[in-house]
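Please read this short briefing alongside the sequence and the 3D view.

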Amino acid sequence: MNTRTEAPTGDLVLHRPTAPARQLVLLFHGVGASPEGFEPLGPALARDDRWVVAVRSPFASDLGGGWQWFSVQGVTETNRAERIAAVMPRFAETVRRWQAHTGLDAAQTVLAGFSQGAIMSLESTQAGEPLAARVVPMSGRFAVPPQTAPAGVAFRFIHGTQDPVIPAAFSSQGAQQLQALGADARADLLPGLAHGIDQRALALLARALDEAAP
């Protein structure tokens, strides 16, 4: 049953399982966007035993519309990590709230983020106990190079080679740095893709979710 359901927080349930749930997929949008932007992805990601939830960032964007986890006004390589750290407890609480709601745990959870949502998902793996067994960052990056490879967490980077917002080199470097730390990490770079999600990226995302099934 692929019904669009709005949660009290503004999150959108894009798919509810019709069989005993075995996987929770949380989608995190970019700055200035909203959960509704993920609606076209819902049918491709639906599976009988899977929750698919598009999470709304908690703060109104200061870019004039949509939502954000942290402001990108005046953001630099120096202050980006500080802004992320300030909001990371709320990000973790959001993930755990959905885990409690669905009765699923971190081993059954996938964090799939785009742009700022990818940044938050990646940085969560460096901030204590892992929230998920798999992270799928799309057009994203680490704020600073990763220092640890959390046990039991796999990373599947997806990035367009023509991204003018966050260069694809950040995904390549992130995957290589994680591999050097002993993590299961891979980067798929898509020729010609700018800052977005096309059918190739969607297919890679769907494959990553199937890999994450318990």
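Rings of Phe, Tyr and Trp (for Trp, its six-membered ring) count as a pair if their centres lie within 6.5 Å; planes under 30 degrees apart are called stacked, over 60 edge-to-face, and the rest tilted. By this rule there are two aromatic pairs. This is a predicted model, in which local features need pLDDT of at least 70 and side-chain atom pairs count only at pLDDT 80 or more, while totals for chains, interfaces and linings use all residues. Residues are numbered from 1 along each chain as its sequence is written, and side-chain values use heavy atoms, with hydrogens and water left out.

**Aromatic pairs**

- The rings of F28 and F91 have centres 4.7 Å apart and planes at 40°, so this pair is tilted.
- F28 belongs to strand β3 (residues 23–28) and F91 to helix α2, so the pair ties together parts that are 63 residues apart in sequence.
- Helices (H or I, at least four residues) and strands (E, at least two) are DSSP runs, numbered from the N terminus.
- F28 and F91 are both buried, where buried means under 20% relative accessible area, exposed over 50%, and partly exposed in between (1.4 Å probe, protein chains only).
- W69 and F91 make an edge-to-face pair, with 5.2 Å from centre to centre and 65° between the planes.
- W69 is in the loop between β6 (67–68) and α2, 22 residues from F91 in helix α2.
- Ring pairs join F28, W69 and F91 into a cluster.

**Helix packing**

- The axes of helix α2 (residues 80–102) and helix α3 (residues 116–124) come within 10 Å and cross at roughly 80°.
- Axes are lines fitted to C-alpha atoms, for helices over the stretch in contact, and angles run from 0 to 180 degrees between N-to-C directions.
- α2 and α3 are therefore roughly perpendicular to each other (65 to 115 degrees; under 35 is roughly parallel, over 145 roughly antiparallel, the rest oblique).
- On the α2 side, the contact (heavy atoms within 4.5 Å) is made by I84, V87, M88 and F91, and on the α3 side by I119, M120, S121, E123 and S124.

**Charges over rings**

- A charge sits over a ring if NZ of Lys or CZ of Arg is within 6 Å of the ring centre and within 35 degrees of the ring normal.
- The charged end of R56 sits over the ring of W67, 3.7 Å from its centre.
- R141 lies over the face of F170, 3.9 Å from the ring centre.

**A loop residue**

- L181 lies in the loop between α4 (169–180) and β10 (184–190).
- L181 is partly exposed, with a relative accessible area of 38%.
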